[in-house]
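Thanks for coming, everyone. Please have the sequence and the structure open while I talk.

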Amino acid sequence: MLKLEHLCKTFNAGTVNEKIALADLNLHLKEGEFLTVIGGNGAGKSTMLNAVAGTFPVDDGKILIDGNDVTHMPEHKRAAFIGRVFQDPMMGTAPTMQIDENLALAARRGQRRGLKWGISREEKEQYFEKLKELGLGLEDRMSAKAGLLSGGQRQALTLLMASLRKPKLLLLDEHTAALDPATAAKVLEISDRIVQENHLTCMMITHNMRDAITHGDRLIMMNEGKIILDIAGEEKKKLTKRELLDRFAALAGTQEETDSVLLS
Amino acid sequence: MFFTSLLNSLPGAIAQGLIWGIMAIGVYLTFRILDVADLTVDGTLAAGGATAVMLIRAGVDHRLALLIAFAAGLLCGLITGLLHTRCGIPAILAGILTQLALYSVNLRIMGSKANQALSVDKYKLTLSQRFVRELSLRNPLFLLMLLSVIVIGVLYWFFGTEKGSSIRATGANPAMARAQGIDTNANVVLGLMLSNGLVAFSGALLAQYQGSADVNMGRGGIVIGLAAVIIGEVIFGKVFINFALKLLAVAIGAIIYYIVLQLVLQLGLNTNDLKLLTSLVVALFLAVPYWQSRIRPRRAKEAKAGEGGRAC
């Protein structure tokens with residue numbers, strides 16, 4: 001479904017702030033796979049996701065989604081294949097637009113937008129049902145502005161928006177990091193359900209090792225722009241946090257890096 | 001004496017307000033919907049006036065001249081839009097560049113003259129100041145009200161469509177818009193074109209109304225437009241939630257602006273000080289929400305801490 005071949009990205013090349021974010025990264029994601037991504041600060045996790053989404057061009061390498069080479073495709077065109085939820089709850093919705101309007105925008109992802117009315121009656125009924133499934137009471141507030149919602153509600157709404165038109169790939173960029181633990185658990189539960197119900201291929205970055213172990217069916221760990229650990233199947237199911245830390249220490253080496261993963 | 005002269009000047013003030021109201025709606029599209037301060041409009045207004053006057057003088061039908069002026073405005077917006085999105089120039093600077101360039105272009109349009117007259121005695125016009133106190137269908141107030149309603153109606157429809165919604169999303173949250181597959185650059189260009197088209201249309205009406213086009217007729221236009229937007233929001237912001245009503249508030253804001261203007265002129269304010277006064281008023285009204293936002297969050301935080309809990 002997703003193929004990353006020899007991806008390279010350096011920020012501020014040639015300056016004192018030069019930062020190699022992706023160093024010859026390779027990854028192959030099969031259809032229906034749910035990948036969790038962990039790694040310390042600056043390991044390149046978000047850079048990888050943003051490179052796939054097309055937020056910036058990569059320096060070298062290839063990105064293929066379902067066989068389509070999207071390496072040079074602008075962000076808004078790639079969006080036809082990709083659903084996204086951001087770390088910052090403010091980023092995923094248009095705050096001055098109504099909840100149902102936000103959903104209607106998302107329902108037209110990858111479609112031509114013409115002079116038809118922006119939202120239909122049938123759509124509204126459909127959104128009512130979908131919002132009800134979230135269990136947050138948003139179905140009764142469909143004409144409220146998205147800006148009035150709490151962080152958790154917004155992330156849930158963004159998740160729904162990302163899955164409304166089934167994406168080939170769902171990108172979750174630490175989408176629970178800004179939430180309190182109870183809300184984060186709820187949003188993760190919704191994420192799991194949406195991925196399973198729609199059989200989505202998904203990449204989820206998380207800072208929480210336990211979440212990375214308990215969610216998804218494959219786990220990678222990144223360090224210095226490379227994948228240093230890749231665990232799937234039965235092995236992942238049996239994985240413990242302790243074991244993960246030990247393996248990371250053995251691979252990445254220094255105590256400082258282990259701490260950065262542990263503490264973050 | 002004071003009241004009779006004020007009353008006498010009222011129809012003219014309302015007519016001017018209606019004309020500038022269309023311009024202000026254009027400013028609203030960029031300033032509030034696209035979240036871009038577009039300074040092109042000062043030049044666009046004059047471009048619209050110049051285009052219409054020269055076309056009518058050349059024998060073109062006044063209605064066609066209005067449409068061509070609108071198209072000229074689209075072009076002005078296109079240039080600013082391309083400078084901004086394709087050349088990476090900040091929106092404000094892109095607008096200033098186009099505005100400055102338009103000064104020369106407008107002089108060219110007007111045959112290298114700073115002013116071109118258009119007498120209602122010689123040409124058939126859409127509207128004229130001369131009939132503003134007349135009780136007949138020639139009175140420009142009827143036509144201007146009708147035009148304002150049409151403009152608001154068309155914009156209400158357009159911004160409710162899929163395309164229009166995507167423009168609103170572009171202004172509200174560009175990152176989200178791109179993630180939903182919206183070409184934000186194209187939408188910014190389209191929004192700027194639409195806005196400038198309306199401004200040029202307003203300029204074409206204004207030139208006919210006052211019977212001349214002047215290369216400086218748009219100077220400070222952006223500030224008058226902003227004044228109308230802000231007056232409308234301050235007075236009707238709480239009650240006019242619907243988009244069409246918000247646009248109506250802008251149009252009424254422009255009328256109020258011109259009535260107040262007449263009032264202070266009647267009270268003896270020097271005309272030369274008008275632009276200073278307008279700037280001060282707009283600056284003040286832009287500053288107040290900012291000051292409020294600096295005080296309110298603190299209070300809100302305290303209130304939240306007092307409740308001792310947080311909502312999901």
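**Helix packing, interface and cores**

Start in chain A, with α5(A) and helix α6, residues 181-198. Their axes lie 10 Å apart and the packing angle is about 10°. At that angle, α5(A) and α6(A) are therefore roughly parallel to each other. Keep in mind that this is a predicted model.

Who makes that contact? From α5(A), we have A:Gly152, A:Gln155, A:Ala156, A:Leu159 and A:Ser163. From α6(A), the list is A:Thr183, A:Lys186, A:Val187, A:Ile190, A:Ser191, A:Ile194 and A:Asn198. By class, the contact of α5(A) with α6(A) has five nonpolar, six polar and one charged residues.

Now chain B. Two packed helices are described by the angle between their axes and the distance between the axes. Take helix α9, residues 221-236, and helix α10, residues 243-266, both of chain B. Their axes come within 7 Å and cross at roughly 110°. Because of that angle, α9(B) is roughly perpendicular to α10(B). The crossing of α9(B) past α10(B) is right-handed.

Which residues of α9(B) meet α10(B)? They are B:Ile224, B:Ala227, B:Ala228, B:Val229, B:Ile231, B:Gly232, B:Glu233 and B:Phe236. Facing them in α10(B) are B:Ala249, B:Val250, B:Ile252, B:Gly253, B:Ala254, B:Ile256 and B:Tyr257. The classes here are twelve nonpolar, two polar and one charged.

One more pair in chain B. Helix α6, residues 162-172, and α8(B) have axes that come within 9 Å and cross at roughly 105°. So α6(B) and α8(B) are roughly perpendicular to each other. In α6(B), the contact residues are B:Ser166, B:Ile167 and B:Thr170. In α8(B), they are B:Thr184, B:Asn187, B:Val188, B:Leu190 and B:Gly191. That contact divides into three nonpolar, five polar and no charged residues.

On to the interface. How many residues does each chain put into the contact? Chain A gives 30 residues and chain B gives 23 residues. On the chain A side, α2 (75-78), α3 (99-107) and α5 (151-164) each supply at least two residues. The most comes from α3(A), with four residues. By class, the side of chain A that touches chain B has eleven nonpolar, eleven polar and eight charged residues.

B:Met176 is worth a stop here. B:Met176 sits in helix α7, residues 174-179, of chain B. Buried or exposed? B:Met176 has 27 other C-beta atoms within 10 Å, so B:Met176 is buried. Leaving aside neighbours within four places in sequence, B:Met176 is in contact with A:Met91, A:Gly92, A:Thr93, A:Ala94 and B:Ala169. For scale, B:Met176 and B:Pro11 are 165 residues apart in sequence and 46 Å apart in space, C-alpha to C-alpha.

Next, the cores. The largest nonpolar core has 89 residues. Which of them touch the most other members? B:Ala24, B:Ile25, B:Ala200, B:Ala228 and B:Val250 do. Helices of chain B that each supply at least two residues of this core include α1 (2-34), α3 (62-85), α9 and α10. The largest share, 16 residues, comes from α1(B).

Beyond four places in sequence, B:Val250 is in contact with B:Gly21, B:Ala24, B:Ile25, B:Tyr28, B:Ala228, B:Val229 and B:Gly232. There is also a second, separate core of 78 residues, with A:Phe86, A:Leu105, A:Ile194 and B:Ala177 among them.

Last, some backbone and surface points. Most residues other than glycine have a negative phi, and most peptide bonds are trans. A:Asp24 is not a glycine, yet has a positive phi of about 50°. A:Asp24 lies in strand β2, residues 19-29, of chain A. With 13 other C-beta atoms within 10 Å, A:Asp24 is partly exposed.

B:Ser112 also has a positive phi, about 60°, and is not a glycine. B:Ser112 is in the loop between α4 and β1 (115-117) of chain B. B:Ser112 counts as exposed, with 7 C-beta neighbours inside 10 Å.

Finally, A:Glu129, in helix α4, residues 121-134, of chain A. A:Glu129 has 9 C-beta neighbours inside 10 Å, so A:Glu129 counts as exposed. A:Gly114 is 15 residues from A:Glu129 along the chain, and their C-alpha atoms are separated by 26 Å.

Note on methods: Residues numbered from 1 in each chain as written. Chains lettered and ligands numbered in written order. Predicted model: local features only at pLDDT ≥ 70, side-chain atom pairs only at ≥ 80, totals over all residues. Contact = placed C-beta atoms within 7 Å. Nonpolar A, V, L, I, M, F, W, Y, C, P; charged D, E, K, R; others polar. Axes fitted to C-alpha atoms, helices over the stretch in contact; angles between N-to-C directions. Parallel < 35°, antiparallel > 145°, perpendicular 65-115°, else oblique. Left-handed = near helix turned anticlockwise from the far one by under 90°. Buried ≥ 20, exposed ≤ 12 C-beta atoms within 10 Å, placed from the backbone. Core = buried A, V, L, I, M, F, W, Y, C linked by C-beta atoms within 7 Å.
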